[in-house]
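Biologist: I would like a close look at one part of this model, namely the pairing of charged side chains. Please take it slowly and give the cut-offs as you go.

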Amino acid sequence: MAEIRMSEIVNKAFIPFWKASNSHKYLKHVAKGGRGSGKSAHIGFKLIKDMMKYPVTTLCIRKVGNTLSESVFEQLKEAINIMGVESFWDIKKSPLQLTYLPRGNKIIFRGADDPSKIKSIKMAKFPVAFLWIEELAEFKTEDEVTTIENSVLRAELPDGLFYAFYYSYNPPKRKQSWVNKKYETQFIPQNTIVHHSTYLDNPHISKAFREEANEVKENKEFKYRWEYLGEPIGSGVVPFDNLVFRDISDEEISSFDNIRQGCDWGYAVDPVAFIRLHYDKTRRKIYIIDEYYGVKKSNRELSFHLHKKKYNTINTTADSAEPKSISEMKTFECKFTGARKGPGSVEFGEKWLDDLNEIIIDPKRTPNTAREFESIDYQTDKDGNVKAKLEDKDNHSIDATRYALERDMVKKELEFLK
């Protein structure tokens with residue numbers, strides 16, 4: 001079989017992914033998306049091509065070792081076959097191993113049942129420079145993956161070689177999953193490229209697959225969005241679908257004249273979260289324009305910040321569960337009042353925010369606030385039924401936002417906020 005040109009194999013939707021990986025600009029190449037999108041196939045093509053070009057070793061990882069032979073190993077074998085380069089490769093199943101015959105460098109496979117065992121891998125002649133972690137979402141924590149990455153990034157490579165890490169996965173349903181929080185975000189590290197694809201991008205997907213997808217789309221919208229479009233739908237109901245992430249200019253801020261400030265207390269484990277926003281009542285929009293956020297931040301440190309920014313003379317509504325902190329802030333000449341509380345106040349405040357036309361957040365000015373709003377999800381009961389209340393974790397800036405706007409939330413039946 002004749003060797004096939006890559007232009008005949010690469011789907012149009014994956015051209016940006018290939019260009020990014022060919023540039024050697026990024027260490028991490030993340031391919032995520034729905035079922036049947038072709039993401040694993042394209043990583044397979046890329047690794048086979050580059051293994052034939054560079055004298056390095058590739059390490060392929062899955063969380064559970066016994067899943068390798070029927071997944072990533074078969075994917076690479078298929079890539080070799082489709083590319084028409086079978087004569088250049090020796091394929092062994094015990095142990096799993098693919099060897100590029102003209103040079104002798106190999107693709108090796110390991111399970112990460114114990115990530116620390118990856119540290120023992122040493123290749124004297126051809127350094128481990130390429131890494132593929134398939135089904136990244138199978139890992140319970142980011143620390144497990146970091147251990148593997150650091151085991152590979154142990155030494156400087158010879159001139160002309162480079163490290164390239166590839167990750168493929170279907171996004172988990174829960175937004176609070178570490179992998180969603182890392183890659184479904186406004187804050188992608190500079191050394192990382194993220195590519196999202198679906199079966200709609202795959203011209204080679206079967207007619208039967210498309211018919212099945214259409215059937216699910218027709219009858220189970222959320223299942224379709226999660227499994228086929230690769231959306232982390234969370235509980236199935238999206239909190240704050242009114243979020244707008246964009247730059248807020250200094251010129252805009254200079255025109256804001258309806259300022260609100262809120263504070264959620266924290267110290268040892270939970271962060272203190274102070275936010276400053278503008279409320280456009282006519283257009284029913286808020287602009288979150290500044291924050292102070294961090295653990296082990298004392299009230300004195302917070303007061304220094306507010307004085308420095310000249311925020312101390314504007315009232316800040318804070319969680320009334322800590323009256324001593326409110327009193328202390330007053331002694332530091334910062335204007336603070338406690339938020340009111342009442343049954344149902346939290347749910348009402350969250351619903352009020354969700355009902356705004358827009359919540360505009362500048363991720364550069366308020367990165368922690370942006371992260372919390374984009375990753376929060378609704379609580380569910382033990383049967384998976386959605387509750388009308390947000391998860392009570394990683395929501396400190398959201399609470400501070402509610403406090404800041406309590407006087408604008410008109411609700412006679414309730415005294416709020418928590």
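Biologist: Which residues are linked in a network of salt bridges?

Modeller: The network of salt bridges is made up of R35, E212, K223 and E227, where a salt bridge means a side-chain nitrogen of Lys or Arg within 4 Å of a carboxyl oxygen of Asp or Glu. This is a predicted model, in which local features need pLDDT of at least 70 and side-chain atom pairs count only at pLDDT 80 or more, whereas totals for chains, interfaces and linings use all residues. Residues are numbered from 1 along each chain as its sequence is written, and side-chain values use heavy atoms, with hydrogens and water left out.

Across the whole structure, the search finds 25 salt bridges. One of them joins K63 to E144, with 2.4 Å from N to O, and this pair links distant parts of the chain, since K63 lies in the loop between strand 2 (57-62) and helix 3 (72-83) while E144 belongs to helix 4 (residues 142-152), 81 residues away; helices (H or I, at least four residues) and strands (E, at least two) are DSSP runs, numbered from the N terminus. Both K63 and E144 are buried, that is, under 20% relative accessible area, with exposed being over 50% and partly exposed in between (1.4 Å probe, protein chains only).

Helix 4 also supplies E142, whose side chain meets that of K182 in helix 5 at 2.8 Å, N to O, so this pair ties together parts that are 40 residues apart in sequence. E142 is partly exposed, at 32% relative accessible area. In the salt bridge between D50 and K49, the closest N and O atoms are 4.0 Å apart; D50 is buried at 4%, whereas K49 is partly exposed at 27%.
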